Amino acid sequence: MNAIEFILSGMLAAATPFLLAALGELVVERAGVLNLGVEGLMALGAVLAFIVVYHGGGHFFGFVIAGLGGAALSLVFAIVALGFRANQVATGLAIGIFGQGLSALFGKTYESLTVKALPKLAFPWLSELPVVGGLFNQDIVVWISLLATFGMWAMFTYTKLGLVVRAVGENPKAAHAIGYPVISVRVIAIAFGGAMAGFAGAYAAVIYTPLWADGMIAGRGWIAIALVVFGTWLTGRIFLGACLFGAVSLMGLAAQATGMDVPSQLLSSLPYLVTIVVLGIISANRRLLKLNGVASLGEPFER
Amino acid sequence: MSVWSMAFFPSLVRRERASLTATLLAPVVALAVAIILNLGLYVVMGRDPVAVVYAMLLEPFLSWASFSEVLLKAGPLLLIAQGLAIGFRAKVFNIGAEGQFILGAIFASAIPVWFPQATGQWIWPAMLLLGAIGGALWASITAFWRVRLNANEILVSLMLSLVAVQLLNYLLLGPWKDPNGFNFPQSVMFQYDAMVPTLISGTRVNVSLLITLALSLAAWVFMQKSFAGYKLQVGGLAPRAAGYAGFSESWAIWLSLLIGGFAAGLAGAAEVAGPLGQLQRSISTGYGYAAIIVAYLGGLHPIGIIVSALVMAVIYIGGDNAMVSANLPIAAVRVFQGSLLLAYLVSVAFVRYRLEWRQATEKTAHRSPT
């Protein structure tokens, strides 16, 4: 298997934690809320799923518990940031620190233990193709994530629900005036984002690298937040961005496998460096951000 | 809004003016709430709450030796938080102090690593200065990205912290590794002149604490008395007004990040030139993130931050104690820190709002918009 085949076949799996967390954060931000606690929500989801799967609860139940845990912690964010109108940046950071602390606390006795990942499901015929065949040989969660991406796009493009979420984020006063429950929509969006971050963490800990280590999320929650900006709040572009980061995080492995003499630390920081560079390129295009950005992002809503 | 959510969130009504009582009480109430919640967690975990309280909250004060460790720990937290608070007041969210701290430690270590034979009283001051410059340089990347490329400073500064950790690992496993260090990821031990002189004999408290206190005073003068500080605060409170008054936003971003990076870099330098005496992987136990909590808990006010830095240092030292004597995992410190900030953010809401339990209905809210 050459480097290209290696990256193509692993890209979607590597992208899935980014994708799930970013899709969740997309809904949160579209509703006008900035939740910077994704890293902590993912860490909590990861440890919960790991514990469930380790004790034989199975992957499905592990994901359910991770989603519930992420949603529960994100509701704490909702209570502080929406209920008490606290600064959303500070609240998100607090949730991040709290969630990472909880995950380390719960995971302490599971350090370096492993679980079994899920088998891959090959797409008939397409997975036999040369070079790109690996793309069509993925585990069930990757396939579901692709469907979820499509569903998210359709929701924002065609449904009233998508319109309501966007209205609440663009102009909460107007949305309130025409009778939409701004706070309730935002709370539900936050809980959804928390559940998605929980799923993302679960995927990272029980499927992608089925082993528990403190700090294993390693900035992926933050990159997911950056992905929402890269994708200029559009589902399709966020998907492409997640694939880019999946590929980038595999490049390190591919480079090491080919025996390139590059310090491993440089390869480990590649996703962070790419984030910084892409963030600079996309943000420099102020018109693009203004066109697709969320008008009242991060501002508390007061009647 | 549906009925359940009205019942769920009793309405917050804006006060006519900010409450001074609530301002002063908020951190105290937050601390009390965080202590109670975390003790509950320890009980659930099967730990003896009395032993934890004793180890965490009393033991740090019971001997001069352990209190001096609290002072030692408070130093970097205080310094970083003073720098960050200036930026936070200007609504510039530099959350990459961790990376700026690490770069400060790396820059400062360059002198003793490259010139291990050098002697003279100039070495440690030069290290502190170089460290501060290193921190400011690292922060200037974020400032450039924000001002020139319009990139979000939260994400850029955080990513740079993750890069800084990798840079530190690279140096300690590669070019800067002590050849006689049994393959441990650490630099050579620094020479005597590369160490900040001790302030109180018999303890590890050193002169950098005095520098930190002097800079805290400088931060107070800067924020409360200088025109530049005033411009920063106006920019944070009323960006539009600041714009009309001709206060440049770019200037505020550059200044905030450079001050924050300078302070964090200095703290990193003081850590390697002080208690550690070498560059190690574990130079920072999350000081850069804890300092964010210190800054908020101190009300972003230079005087308040002195108190909150001491509180946070007690939690660190007490957490270490509780790990030994009450078998509490060290991660409990991070849980405590996170819950403390959450509790503070809730209690500080009462500075500007008061609770009203009357069930306001949708219609009355429409008639009297606030």
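This is a predicted model: local features need pLDDT of at least 70, side-chain atom pairs count only at pLDDT 80 or more; totals for chains, interfaces and linings use all residues.
Although B:Asn327 is not a glycine, its phi is positive, at about 55°. Most residues other than glycine have a negative phi.

A positive phi also occurs at B:Asn150, where the value is about 65° although this residue is not a glycine. B:Asn150 lies in the loop that joins H6 and H7 of chain B. With 15 other C-beta atoms within 10 Å, B:Asn150 is partly exposed.

The packing of two helices within chain B was also examined. Helix H4 (residues 64-89) and helix H11 (residues 249-276) of chain B pack with their axes 7 Å apart and at an angle of about 170°. H4(B) is therefore roughly antiparallel to H11(B), since angles over 145 degrees are classed in this way. Among the residues that meet are B:Leu72, B:Leu79 and B:Ile86 in H4(B), and B:Leu257, B:Phe262 and B:Glu271 in H11(B). By class, this contact comprises 15 nonpolar, six polar and one charged residues.

Between the chains, the contact involves 44 residues from chain A and 43 residues from chain B. On the side of chain B that touches chain A, at least two residues each come from helices H6 (123-149), H7 (153-173), H12 (287-297) and H14 (331-347). The residues of this side of chain B include 31 nonpolar, eleven polar and one charged.

Methods: Residues are numbered from 1 along each chain as its sequence is written. Chains are lettered from A and ligands numbered from 1 in the order in which they are written. Two residues are in contact if their C-beta atoms, placed from the backbone, lie within 7 Å. Helices (H or I, at least four residues) and strands (E, at least two) are DSSP runs, numbered from the N terminus. Ala, Val, Leu, Ile, Met, Phe, Trp, Tyr, Cys and Pro count as nonpolar, Asp, Glu, Lys and Arg as charged, and the others, Gly among them, as polar. A residue is buried if 20 or more other C-beta atoms lie within 10 Å of its own, exposed if 12 or fewer, and partly exposed in between; C-beta atoms are placed from the backbone. Axes are lines fitted to C-alpha atoms, for helices over the stretch in contact, and angles run from 0 to 180 degrees between N-to-C directions. Angles under 35 degrees count as roughly parallel, over 145 as roughly antiparallel, 65 to 115 as roughly perpendicular and the rest as oblique.
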